[in-house]
Amino acid sequence: VIAAATQCALSTSQLVACAKVVSPTISSPVCQEQLVEAGRLVERSVEGCVKACRSATEDGELLKQVVAAGSVVSQALGELLQHVRHYASRGEPIGRYDQATDTIMTVTESIFCSMGDAGEMVRQARVLAQATSDLVNAMRSDAEAESDVDNSKKLLAAAKLLADSTARMVEAAKGAAANPENQDQQQKLREAAEGLRVVTNSAAQNAIKKKLINRLENAAKQAAAAATQTIAASQNASSSNKNTAAQQQLVQSCKAVADHIPQLVQGVRGSQAETDCLSAQLALIIASQNFLQPGSKMVSSAKAAVPTVTDQAAAMQLGQCAKNLATSLAELRTSVQKAHEACGPMEIDSALQSVQTLRYELQDAKLAAADGQLKPLPGETLEKCAQDLGSTSKAVGSSMAQLLTCAAQGNEHYTGG
């Protein structure tokens with residue numbers, strides 16, 4: 001008991017120290033994660049202390065006091081986590097579903113990472129069950145207040161699906177708790193958590209999509225800014241870099257990133273300008289994915305060039321910029337992965353939206369032609385337009401044939417799920 005209590009005190013001291021260190025830079029996702037992880041260590045230590053006390057005594061009154069004290073600590077940790085998330089959202093109001101969905105996404109990842117540690121998986125499953133219960137209650141409450149009968153039915157159906165999935169996860173957690181050394185039980189819990197994550201994405205789709213797209217927009221802006229700073233630092237260090245090969249590699253990687261920055265910035269602007277436009281959101285996701293590889297290559301090139309830069313100030317600036325860019329890219333990678341996971345099916349919706357837009361444009365063109373108002377664009381001739389029409393028609397025919405084949409084969413990678 002003394003050893004467990006000492007560990008609690010140590011973990012708490014580490015949490016306080018971590019809070020003091022990261023508080024000036026708490027806007028950084030990495031710093032937020034460090035603080036959250038320190039809080040988790042305290043929670044584990046408290047659980048270990050309660051467990052040790054239960055093994056040491058059967059005095060019901062004493063155990064009741066210990067459990068009550070542990071609950072107070074857990075509540076305080078929950079409030080700290082909510083405060084961190086509230087700051088991360090830059091003071092924006094936390095929606096009805098936001099906290100629950102945030103917890104579900106974070107905790108399911110923790111379960112995936114805890115394979116082999118049944119105790120930790122079960123502990124995270126308890127947190128997950130509470131979060132899904134909160135989400136189900138919020139959805140049922142919204143369904144009761146909903147004036148549209150169809151929307152109310154959809155909310156209730158989604159809430160039931162989520163409740164059923166939660167029940168399956170709870171059963172899997174009980175199995176893992178009863179057989180902590182059984183890998184099959186842990187795998188069942190992991191699969192149940194994965195299923196719950198998918199159901200959550202479906203149940204609170206709109207709320208999650210909006211939050212994840214906002215997070216991606218912020219991550220993309222940070223990545224573009226960090227990349228621009230790294231390019232400037234690279235140019236500043238070029239005159240004092242004595243390794244020609246390293247400098248040449250850095251120049252090439254900077255050029256590749258510079259070519260991708262406009263697309264990323266345009267993706268952010270388009271998404272923010274048209275918040276409900278699927279095509280704009282998809283363009284942001286694609287631009288972010290395309291930015292990761294050249295960005296990572298530039299980080300490697302910059303870090304490799306630092307030792308060969310003789311100007312100490314320039315070298316330090318280049319190294320720090322590379323470090324900042326690496327952090328921004330890590331957040332961008334996580335953000336785009338989660339956004340794509342939540343918005344995965346929207347490729348088809350976006351394509352349908354594009355087809356509908358083109359249909360309207362074609363109707364306008366027909367009307368203009370009928371009125372004799374259709375004019376060629378600069379550089380267009382009858383022969384060139386006829387040739388373009390023929391090649392485009394062939395490309396559309398080929399793509400449709402491939403789409404039908406892949407759809408029949410169940411190729412979700414090509415069809416968009």
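Let's start with a cluster of charges: Glu 37, Arg 40, Glu 43, Arg 44, Glu 120 and Arg 123 are linked in a network of salt bridges. By salt bridge I mean a side-chain nitrogen of Lys or Arg within 4 Å of a carboxyl oxygen of Asp or Glu.

Before going on, a word about what we're looking at. This is a predicted model, where local features need pLDDT of at least 70 and side-chain atom pairs count only at pLDDT 80 or more, while totals for chains, interfaces and linings use all residues. Residues are numbered from 1 along each chain as its sequence is written, and side-chain values use heavy atoms, with hydrogens and water left out.

Okay, the overall layout. The protein has 14 helices and zero strands; helices here are DSSP runs of H or I with at least four residues, strands are runs of E with at least two, and both are numbered from the N terminus. So what pattern do you get reading along the sequence? It goes α-α-α-α-α-α-α-α-α-α-α-α-α-α.

How much of the protein is buried? Of its 417 residues, 37% count as buried, and the cut-offs are under 20% relative accessible area for buried, over 50% for exposed, and partly exposed in between, using a 1.4 Å probe and protein chains only. Now contacts, meaning heavy atoms within 4.5 Å. Taking contacts with a separation of 6 or more, 73% of them come from residues 24 or more positions apart.

On to confidence. pLDDT is the predictor's confidence in each residue, from 0 to 100. The protein averages 82, and 89% of the residues score at least 70. Which elements have the highest and lowest mean pLDDT? Helix 9, residues 244-273, has the highest at 92, and helix 14, residues 412-415, has the lowest at 52. There's also a stretch, residues 89-94, where the pLDDT is below 50; beyond near neighbours in sequence, that stretch has seven contacts in the model. Where pLDDT is low, the predicted coordinates should not be read in detail.

Glu 194 and Arg 190 meet in a salt bridge at 3.2 Å, N to O. They are four residues apart in that helix, so about one helical turn separates them. Glu 194 is partly exposed at 30%, and Arg 190 is partly exposed at 23%.

Helix 6, residues 149-178, gives us another one: Lys 174 and Glu 171 both lie there, three residues apart, about one turn of the helix. Their side chains meet at 3.6 Å, N to O.

What about disulfides? The structure holds zero, with a disulfide being a pair of cysteine sulfur atoms within 2.5 Å. Cys 8 is buried, with a relative accessible area of 14%, while Cys 385 is partly exposed at 30%.

Which residues make a nonpolar surface patch? Val 396, Met 400 and Leu 403 do, over about 240 Å². Patch residues have over 30% relative accessible area and no salt bridge; like charges are joined within 9 Å, and nonpolar side chains (Val, Leu, Ile, Met, Phe, Trp, Tyr) within 5 Å. Met 400 is found in helix 13, residues 382-409, and counts as partly exposed at 43%.

Last, two pairs to find on the screen. Gln 222, in helix 8 (residues 205-237), is partly exposed at 28%. Gln 222 and Asn 324 are 102 residues apart in sequence, and 9.5 Å apart in space, C-alpha to C-alpha. Then there's Gln 99 in helix 4, partly exposed at 34%. Gln 99 and Ala 131 are 32 residues apart in sequence and 8.2 Å apart in space, again C-alpha to C-alpha.

Notes. Accessible areas come from the Shrake-Rupley method with a 1.4 Å probe; for residues, only the protein chains shown count as cover.
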